[in-house]
Amino acid sequence: MTFNSIQFLIFFPVVSLLYFLLPHRFRWMLLLAASYYFYMSWNPRLVFLILFTTVVSYTAARAMEHCESKKKKKLCLAIALCACLGVLFFFKYFNFLSSTVTAILRAVSLNVDDFLLDLILPVGISFYTFQTLSYVIDVYRGTIQAEHHFGYYALFVSYFPQLVAGPIERPQNLLPQLKAEHHFQKDNFHAGMKTLIAGFFKKVVVADQLATFVVAVYSDPSTATAPAIILATVMFSFQVYCDFSGYTDIAVGCARIMGVKLTQNFNLPYSSRSCHEFWERWHISLTSWFQDYVFYPLAMNKKLTRFARKIGKKLKKPRFGSMFPPCVALFITFLLSGLWHGAAWTYVLWGAIHGLYQVIERVTERGRERLQDKLHINRESRLFAFWQMAVVFVLCSFALIFFRANSVSDLGILLKNLFTNWMFRGTFGLLGMDWVDAGITIASLVIMTLIDRIFVHDWPVRRPAGGSLVTAEVSAFLLLAVAASWLLLLAGDGASAFIYFQF
């Protein structure tokens, strides 16, 4: 069952209606049962994995409460981390590691056979694993108290709106809201419906339409020309944004209708003026997770800091000593982020590129500011802001070539053609589109931008004489747009999966 399926169109209204009809003390049972049913609709057997992760993390956190010594707490934490990460590694990374080791052995002339397992990647395993890890780590640090009610904790791990593709919720935000008694409120319903409608429009109208043109190029890179690769990559930039932020909008909208406010996961990322700002606006819940549990521990590591200071003194460059630990931590963090996205070298390379962007941006910050001062560039001007946004978009889009390529060999072909095959004739044909498709695509992106800014991010749009421009007619138009999208969906081959389900 996906958000953009007829099953969910029936499932969510029924769950919401029962939620408000039931007394408060029974609601957690309804949501837990609905969440497990939602997850089991993909593969009933995989429910045992999420149940195992839930039981292990819950038990470890409760055990930490009764441990007086720090060593015992560390042992409980280690058991939880090994169990949860072990399940994630086995199902997501075992075959990747096995094939990598096999390739290395063959490269040194050792004849070995492939050792691959026929594994099913559980939907959303990376998301709910990270959610349980943040819980046990925070309990270990003393940031939060362990949850005693197993039912509420199991609901925190499996809450269906954000279960399979985030946002990755922290226990401090979600658990209290799940326990609170919520009543039906018109404001929550209207806000939730607006966000939900925007999400459906992004996914069904924009992302699914762009996907057909992107696949045409990336499925056959040998025939792709540089202009076709550029157009397909730009369209993929919007596809992956509309697909993932569309899912998040639907999740946020569903939860908001029931009175729960999920974490904001996107904040107009293509308006960013630096690569650092981009990651403060893109997949915010994952970025903050890596920041708190990977970057800060690495950047503040005492051994790494002492080593950097010694090197800085020898080179007579004290700034090196202060810059080295955070730069190393940044690169490792983005490398791991790339690996989190998928068990393939293309994702690792994508993470490494973004890590390099971050390091270069951090190291050259002072020099760039001095150069701008010498050139008398007004950093507050709209023209300069547009230039910075364009540069960030180009850099992030180039990195997405690595993200989208089906394999390393395909990636090599794409990069070669990008820099050598500059034939403009037949570009639209390679994308499988004509001028009508181009016009529809541009119109869809314009409407998506307006919907995103006005209905999701509540940008104030006023008439000259005052008063809101967002009228009932506009809302009715959006409802009709989504209704038309549903009709197109049901008339076609069925609901298409969200990109981030595979992560």
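Ala-399 is buried, at 0% relative accessibility. The model described here is predicted.

**Ala-399**

Ala-399 sits in helix 16, which covers residues 382-404. Leaving aside residues up to four places away in sequence, Ala-399 is in contact with Trp-350, Ile-353, His-354 and Tyr-357.

**Asn-417**

Asn-417 belongs to helix 17, residues 408-420. Its relative accessible area is 10%, and Asn-417 is therefore buried, since the cut-off for that class is under 20%. A polar atom of the Asn-417 side chain lies 3.1 Å from the backbone oxygen of Ala-224. Ala-224 is also among the residues that Asn-417 touches, together with Pro-221, Ser-222, Ala-226 and Ile-229, when residues up to four places away in sequence are not counted.

**Leu-18 and the surface patch**

Leu-18 is placed in helix 1, residues 6-21. With a relative accessibility of 38%, Leu-18 is classed as partly exposed, because this value falls between the cut-offs of 20% and 50%. Leu-18 is part of a nonpolar surface patch that also includes Ile-6, Leu-9, Ile-10, Val-14, Leu-17 and Leu-21. Together the patch residues have about 650 Å² of accessible area.

The relative accessibilities are listed below.

| Residue | Relative accessibility | Class |
|---|---|---|
| Ala-399 | 0% | buried |
| Asn-417 | 10% | buried |
| Leu-18 | 38% | partly exposed |

Conventions. Residues numbered from 1 in each chain as written. Predicted model: local features only at pLDDT ≥ 70, side-chain atom pairs only at ≥ 80, totals over all residues. Heavy atoms only, no water. Helix = DSSP H or I, 4+ residues; strand = E, 2+ residues; numbered from the N terminus. Buried < 20%, exposed > 50% of the residue type's maximum accessible area, 1.4 Å probe, protein only. Contact = heavy atoms within 4.5 Å. Polar contact = N/O pair within 3.5 Å; in protein donor to acceptor, adjacent residues only side chain to side chain. Patch = residues over 30% accessible without salt bridge, like charges linked within 9 Å, V, L, I, M, F, W, Y side chains within 5 Å. Areas by Shrake-Rupley, 256 points an atom, 1.4 Å probe, with all protein chains shown as cover. Salt bridge = Lys/Arg side-chain N within 4 Å of Asp/Glu carboxyl O.
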